[in-house]
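Welcome! Take a look at the sequence and the model, then read on.

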Amino acid sequence: MAKAQLEVADALKDRPPPIIRQGPSNQTQALGGMSLLRCQASGDPEPTITWRKNGANLLGKDTRFSLLEHGSLQIQSTRLSDSGLYTCVATSSSGETSWSAYLDVRDATDLVDFISHNSTALPGPPSKPEVTNVTKSSISLSWKPGPEGGSPVSSYVIEAFGQSVSNSWQTVADHVKTTEFAVKDLRPNTVYLFIIRAVNAQGLGDPSPMSEPVRTQDISPTAQGVDHRRVQKELGDVVVNMHNPVVLSSTSVQVTWTVENPSKFIQGYRVLYRQTSGLPSPGPWQIQDLKVASERDITLSGLKKGIVYEIKVRPYFNEFQGADSESMTARTMEEAPSAPPQQVTVLTVGNHNSTSISVSWDPPPSDQQNGIIQEYKIWCLANETRFHVNKSVDATIRSVVVGGLQTGVQYRVEVAAGTSAGVGVKSIPQLITLGAELRDVMTGSDSNNSISDVVKQPAFIAALGGACWIVLMGFSAWLYWRRKKRKGLSNYAVQSFTFTRA
């Protein structure tokens with residue numbers, strides 16, 4: 001008789017995440033030139049390549065940026081504003097891997113030295129790593145060097161992937177000077193895969209082939225005088241029935257369950273949960289242990305707002321684990337977005353007589369949306385409420401034309417996103433005045449000291465009134481003098497007539 005343990009797993013879920021064979025390297029480029037940031041990834045299924053700049057999605061916003069056939073990023077006519085941290089992200093249903101590098105764009109006069117990234121000078125891939133020793137928390141590896149490339153290999157980098165640890169490759173050792181190394185601080189009873197990369201003066205080379213899957217040793221309960229076969233059998237008979245999770249708030253969910261065929265070997269229950277909305281693929285499993293076997297409920301706290309979580313429960317004894325309950329989902333309560341829309345832009349539409357503006361924006365950061373955005377609200381606020389114009393649009397809209405504004409009135413334009421819980425934080429007001437350029441041309445003004453401004457000054461109005469008063473008084477005196485002169489001539493004529501008759 002011979003006995004063995006058989007594990008049945010979902011083959012698709014157990015596939016390792018994509019491997020980035022060659023990622024971007026730090027580089028300095030001249031202003032106005034062309035920059036190439038490399039990214040080549042492999043995996044099963046075939047990964048999708050996307051790019052981020054300083055954490056924000058990049059492609060589709062500028063025609064100077066283009067994604068080449070194998071995933072590399074090409075930037076035409078580089079600008080100083082193109083400087084930043086660029087991240088290549090390879091994503092598939094099995095996980096996500098990223099690689100970052102900094103691009104520094106400078107004026108040609110500031111460039112002292114420039115070294116192009118030559119992929120042929122990078123070291124070749126080492127051989128497939130072999131496992132030489134396994135303990136509960138460490139695995140020893142050995143490998144053979146690959147081709148050196150342009151310069152001698154200076155060190156090695158070791159990356160590991162464990163399905164229950166993370167959904168991406170993790171660097172577990174670097175600056176390794178030899179061709180053998182013991183990777184420590186690993187989880188017991190966990191399957192790992194490893195790849196090795198060589199490093200030289202030119203950078204990081206292609207990865208080695210993946211190692212064979214290797215499981216760290218179990219923490220056997222035999223040290224406590226317990227037969228591990230009996231533990232495994234009894235845990236395998238335990239059935240956990242999870243109830244529908246109860247959402248308590250925007251950051252907490254209560255999980256309850258019942259147990260069939262309970263075992264005396266149950267030390268507690270392991271509650272596993274992961275984010276399934278707001279991400280391109282489900283996030284890594286997070287774990288919260290309930291270490292009291294008699295209890296059947298736990299509250300998960302510190303969750304993200306307005307996010308769907310997948311939850312399941314598993315009994316355990318030391319490192320022995322029973323069967324999972326069926327997974328259930330729960331969405332935390334939504335709240336109003338805690339950040340405003342980004343990149344709000346306001347432009348006039350049409351000629352100088354137009355009464356419309358165009359408003360465009362990007363959504364708030366995903367981690368501050370606090371739920372599913374259902375609408376955007378746009379406010380065009382003037383000093384008088386009779387000139388206010390407001391508008392609401394669907395969540396899929398990113399720009400809108402607002403009409404019915406008044407020329408010569410200064411507006412403060414604000415945008416906010418709204419979820420089912422309410423409207424969030426407003427964007428910083430953008431000021432705009434329709435027809436302002438036309439009035440400046442008509443008054444012949446090109447500065448703050450325009451004629452229209454001078455005419456409105458109290459001193460100018462007082463001076464103009466004084467001048468008018470002086471002109472009026474002079475005109476009145478002239479009329480008085482003329483009338484008096486005519487009266488004198490009339491008297492003279494009468495006297496002359498009388499004297500003649502006499």
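## Getting your bearings

Helices and strands here are DSSP runs, numbered from the N terminus: a helix is a run of H or I with at least four residues, and a strand is a run of E with at least two. This is a predicted model, in which local features need pLDDT of at least 70, side-chain atom pairs count only at pLDDT 80 or more, and totals for chains, interfaces and linings use all residues. Residues are numbered from 1 along each chain as its sequence is written, and side-chain values use heavy atoms, with hydrogens and water left out.

His175 is not a glycine, yet its phi is positive, at about 55 degrees. It counts as exposed because its relative accessibility is 59%. The terms work like this: buried means under 20% relative accessible area, exposed means over 50%, and partly exposed is in between (1.4 Å probe, protein chains only).

Asn370 also has a positive phi, of about 60 degrees, without being a glycine. Look for Asn370 in the loop between strand S29 (357–362) and strand S30 (375–381). Is Asn370 buried or exposed? With a relative accessible area of 7%, Asn370 is buried.

## A cis peptide bond

Next, find the peptide bond from Asp44 to Pro45, which is cis, with omega near 5 degrees. Pro45 sits in the loop between strand S4 (40–42) and S5.

## The second largest pocket

On a 1 Å grid over the protein atoms alone, using a 1.4 Å probe, a pocket is an open set of points with protein on both sides within 12 Å along at least five of seven lines, and lining residues have an atom within 4 Å of a point.

How much space lies in the second largest pocket? About 1,400 Å³, where a volume is the space filled by probe spheres set on the grid points, joined across faces, edges and corners. Its lining has 45 residues, and Gly55, Ala56, Asn57, Pro365 and Ser366 lie nearest the centre. By class, the lining holds 14 nonpolar, 18 polar and 13 charged residues. Here Ala, Val, Leu, Ile, Met, Phe, Trp, Tyr, Cys and Pro count as nonpolar, Asp, Glu, Lys and Arg as charged, and the others, Gly among them, as polar.

## Salt bridges

A salt bridge is a side-chain nitrogen of Lys or Arg within 4 Å of a carboxyl oxygen of Asp or Glu. By this rule there are 15 salt bridges. One of them joins Asp206 and Arg21, at 2.9 Å from N to O. Asp206 lies in the loop between strand S17 (203–204) and strand S18 (214–215), and Arg21 in strand S1 (residues 19–22), so this pair ties together parts 185 residues apart in sequence. Arg21 counts as partly exposed, at 31% relative accessibility.

Asp289 and Arg270 form another salt bridge, their closest N and O atoms being 2.8 Å apart. Asp289 is in strand S23 (residues 286–290) and Arg270 in strand S22 (residues 268–275), so the pair links parts that are 19 residues apart in sequence. Arg270 is buried, with a relative accessible area of 11%, whereas Asp289 is partly exposed at 29%. Glu384 and Arg386 also pair up, with 2.7 Å between the closest N and O atoms. Lys312, Arg314 and Asp324 are linked in a network of salt bridges.

Thr28, in strand S2 (residues 27–30), is 78 residues from Arg106 in sequence, while their C-alpha atoms are 7.3 Å apart. Lys136, in the loop between strand S11 (130–134) and strand S12 (139–142), is 82 residues along the chain from Asp218, with 6.0 Å between the C-alpha atoms.
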